[in-house]
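Please read these notes with the model open beside you. They follow the order in which I went through it.

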Amino acid sequence: MENKCKRAYITTPIYYVNDIPHIGHAYTTIICDTIARYSRLIGLETYFLTGTDEHGQKIEEAAKKRGKSAKQYADEISGYFKNLWDEFDISYDKFIRTTDESHKKGVQKAFDVMYKKGDIYKDMYEGHYCVSCESFFTQNQLIENEFCPDCGKTTSIVKEESYFFKLSKYEDRLLKWYEEKENCVLPKGKKNEVISFVKQGLRDLSVTRTSFDWGVKLPKSINDPKHVMYVWLDALLNYITALGYADDGELMKFWPATVQVVGKDILRFHAIYWPAFLMSLDLPLPKHIAAHGWWTRNGEKMSKSKGNVVDPREVANAYGLENFRYFMLREVPFGQDGDFSQKALVDRINSDLSNDLGNLVNRVLGMSGKYFKFTVNSKDVLKYHKKELKECEEIIDSLQENIFEMQLNRYLEGLWKVLSIANQSIAIYEPWKKMKEEKDEEAMALVALIANLLAKISVLLYPVMPKTSLKIATVFGFDIDNTTYKKYIENNELLDEIILEKLPPLFPKIEKMLMTSPEPKVEPKKEKEKIENDGIITIEQFFQTKLKIGTVIEAKEIEGSDKLLILQVDLNEEKPRQIVAGIKQFYSPKNLLNTQICVVSNLKPARIFSKKSEGMLLAVKDKDTLTLIRPEKDVSNGSCVG
Ligand code: MSP
């Protein structure tokens, strides 16, 4: 995110109303809320948009199944999203619905502009359509001639008259954009995938449908009533219709967007189609399109049919909304997938929040209360603790960059480094000894150092944990806003002489798991075998996993992926197994050839990067390295481990 301009426009994707919100949706929204709050804190005029995507075949079908009209159904689910974000105190400025009249008008205007420019033409479309992804595919993009390369579901054949957008015309300009604007698509690895997709050649995009009705009609000027707009054209335009594109509204001053956060599954639409549409409309391109990874359960994508969906409301009710926000942003580096588990969440709360942060607040209150009747005076901090203070200020100075590159986990790690310096300082300077030795001035300087570091932390933690941060700030007698941001962070002013306000413990330790339902559903007959103690399984459960040894007989890179290799592994079966593995950064294809590896052989096949993967290999991750698990000496291919 760039901070040179005085404004920030932050957007979430708009959520499909075919399903109720889960933690994946909450994640996208919480990231954006954090960035929006940060932007306001540092003084940018900020506009934060979220909303719902309500047209298209998928929604029409979902409504039909439930015996409702599409609009009735959309109202209901859109309401769920809005209520949840309100309950979660998401600081959005507008909640757009694609069924809003002003949106439909803006979409029609955009279509008209593109059409008049000669970027839209009429032809016949013949190809395959995945309703779940609302995406078109050619025959040779499909998996086994039938399945969607993105979600693996069955596609249907579509042959209908359609208007096409000249996407191919924008290929070179898109490539130039990626080249010139280094951070236009984040993270960089994902940007490379986009570039190689575009380099393979872009086909013109079908942007209208005639076989169903639930969509925005074409502008009257075109007079072709049997067409409705393709849902992705309709949906992407929400980012400008929300600003009043239809009537050149005043809010258009917020365009171009500062950052548009999306999940990795919809990056292609945002990093290719969307900028091409904008080029056609002669509008500037967003500064950053940032793609995050997925939240999974036991490594699997969440879905209703698998019964492994986690309800964000339930997590927040059990563990606290702000603890949940902290966990999501801290646990996973932006762009990577993260596996949700209650244990990981509880560990974060107990260790980072309760031990590192909560205890420090208690200790400063305790020390100041015991030795100085709760007063804190900063006058000698620089005399005794210049080194610690400067070190912390330097860490803090570097944090802004993390936010601007969407590295919210690094941002939080930086704050925790400051906390650790504060905690260590107490251990090093032992204020209780200073008091015994009647060195009250030194003891006060230490207490004031901690108070000042906590004051800074409270300001910078505000975008992630607003209410908690405000509580910490009250201890030191200030409110968190742009004025105090300038005072304590930009100008590094120290706290005035204050009397600390007491505060009950912020993060009581959590002794047991507090949610029951979000664990992945266990089939009733297997209930007896359910894992009773965290992490303990029976021998039968272990042997449900079939581990086999095989030899790599072919290993290749996958174009466009900087992480994956595709292997053919001889497991002494009819034909070699194809395995897609994320080991490219650690092993070259040449070094893998003719070596033996250990494979989970009864894993359900999956699509990774549009390639079928029929197993998983075993490896150990240790710090930044990855080491494959192999037999000590050669064994026959297909031998079982165990
Ligand atoms: N309607 C489109 C977006 C149109 S934007 C012009 C859409 N909607 S969605 O409801 O399916 O997904 C919305 C967002 O939620 C996407 O960014 C998607 O990546 C994110 N998530 C959905 N499931 C997710 C996880 N399991 N984990 C993390 N985020 C995921 O796509």
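Predicted model: local features only at pLDDT ≥ 70, side-chain atom pairs only at ≥ 80, totals over all residues.

1. Start with the ligand. Its surroundings consist of 24 residues, and the closest are Ile-14, Asp-53, Gly-263, Asp-265 and Trp-295. Sorted by class, this shell contains 13 nonpolar, nine polar and two charged residues.

2. The side chain of Asp-265 places an N or O atom 2.5 Å from an oxygen atom of the ligand. Asp-53 has a polar side-chain atom 2.7 Å from a ligand nitrogen atom. With Tyr-16 the backbone is involved: one of its polar backbone atoms is 3.1 Å from an oxygen atom of the ligand. On its own the ligand has 660 Å² of accessible area, and the protein covers 95% of this.

3. Which helices and strands each supply at least two residues of the shell around the ligand? They are β2 (15–16), α1 (23–41), α7 (231–236), α8 (238–241) and β12 (259–263).

4. Helix α1 also packs against another helix. Its axis and that of α11 (residues 321–331) come within 10 Å and cross at roughly 90°. The two helices are therefore roughly perpendicular to each other. On the α1 side the contact is made by Ile-23, Tyr-27, Ile-30, Ile-31, Asp-33, Thr-34 and Arg-37, while α11 contributes Phe-324, Arg-325, Met-328 and Leu-329. By class, this contact has seven nonpolar, one polar and three charged residues.

5. Next, the cis peptide bonds. One joins Leu-186 and Pro-187, with omega at about -10°. Pro-187 sits in the loop that runs between β8 (185–186) and α6 (188–199). Another cis bond leads from Trp-255 to Pro-256, where omega is near 10°.

6. Where is Pro-256 placed? It is in the loop between α8 and β12. Asp-248 is placed in the loop between α8 and β12 as well. Asp-248 has a positive phi of about 45°, although it is not a glycine.

Technical notes: Residues numbered from 1 in each chain as written. Heavy atoms only, no water. Near = heavy atom within 4 Å. Polar contact = N/O pair within 3.5 Å; in protein donor to acceptor, adjacent residues only side chain to side chain. Areas by Shrake-Rupley, 256 points an atom, 1.4 Å probe, with all protein chains shown as cover. Helix = DSSP H or I, 4+ residues; strand = E, 2+ residues; numbered from the N terminus. Nonpolar A, V, L, I, M, F, W, Y, C, P; charged D, E, K, R; others polar. Axes fitted to C-alpha atoms, helices over the stretch in contact; angles between N-to-C directions. Parallel < 35°, antiparallel > 145°, perpendicular 65-115°, else oblique. Contact = heavy atoms within 4.5 Å.
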